[in-house]
Amino acid sequence: MVAEYKRAWALFRQDKHFTADEIKYMGKVYTGILDESVKNIDQIFLVVNSFATQMSDAKRLEIINNAYAQVESNYSDLKAFNRENVLVSLQRAKTKNDVAVVKDLYGLQ
């Protein structure tokens, strides 16, 4: 997830089709997604730390499964957000050359 974020964030900041305010908004969205993922991972650490937390194995598995589902959902949201931003950039491209530059930037065919 972090690699996907870093890759996309670096590309969007280079893309001239986004305003400074739009880039700032993207940063806030990324921060929110990553913060939520950290919270989910913290839940897993809670389960792993069996000395501090007493619970049944079934409860541990439930917490792990829920945390996993949330992290997967966050990752899907991150990828969808990135795809939407790439499409916005393509829509804003005005010439064939501009479209080619955007496609090259994002590794599209």
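**Aromatic pairs and the core**

Me: How many aromatic pairs does the structure hold?
Reply: There are 6 aromatic pairs in this predicted model.

Me: How are the rings of Y5 and Y30 arranged?
Reply: The pair is edge-to-face, because the ring planes are at 70° and anything over 60 degrees counts as edge-to-face. The ring centres of Y5 and Y30 are 5.2 Å apart.

Me: Where in the chain do Y5 and Y30 sit?
Reply: Y5 is in helix α1 (residues 2–14) and Y30 is in helix α2 (residues 20–48).

Me: Is Y30 buried or exposed?
Reply: Buried: its relative accessibility is 1%, and the cut-off for buried is under 20%.

Me: And what about F12 and Y106, how are those rings placed?
Reply: That pair is tilted, with planes at 45° and centres 5.5 Å apart. F12 belongs to helix α1 and Y106 to helix α4 (residues 96–106), 94 residues apart. F12 is buried at 1% relative accessible area, and Y106 is buried at 11%.

Me: What is Y106 in contact with?
Reply: Apart from neighbours within four places in sequence, Y106 contacts L11, F12, D15, F18, V86 and S89.

Me: New topic. Which residues have the most contacts inside the largest nonpolar core?
Reply: F12, F18, I23, M26, Y30 and Y106, in a core of 16 residues.

Me: Which helix gives the most to this core?
Reply: α2, with 5 residues. Helices α1, α2, α3 (57–92) and α4 each supply at least two.

Me: Last one: which residues form the aromatic cluster?
Reply: Y5, W9, Y25, Y30 and F81 form one cluster.

Key: Residues numbered from 1 in each chain as written. Predicted model: local features only at pLDDT ≥ 70, side-chain atom pairs only at ≥ 80, totals over all residues. Heavy atoms only, no water. Phe/Tyr/Trp six-rings, centres within 6.5 Å; stacked < 30°, edge-to-face > 60°. Helix = DSSP H or I, 4+ residues; strand = E, 2+ residues; numbered from the N terminus. Buried < 20%, exposed > 50% of the residue type's maximum accessible area, 1.4 Å probe, protein only. Core = buried A, V, L, I, M, F, W, Y, C linked by side-chain atoms within 4.5 Å. Contact = heavy atoms within 4.5 Å.
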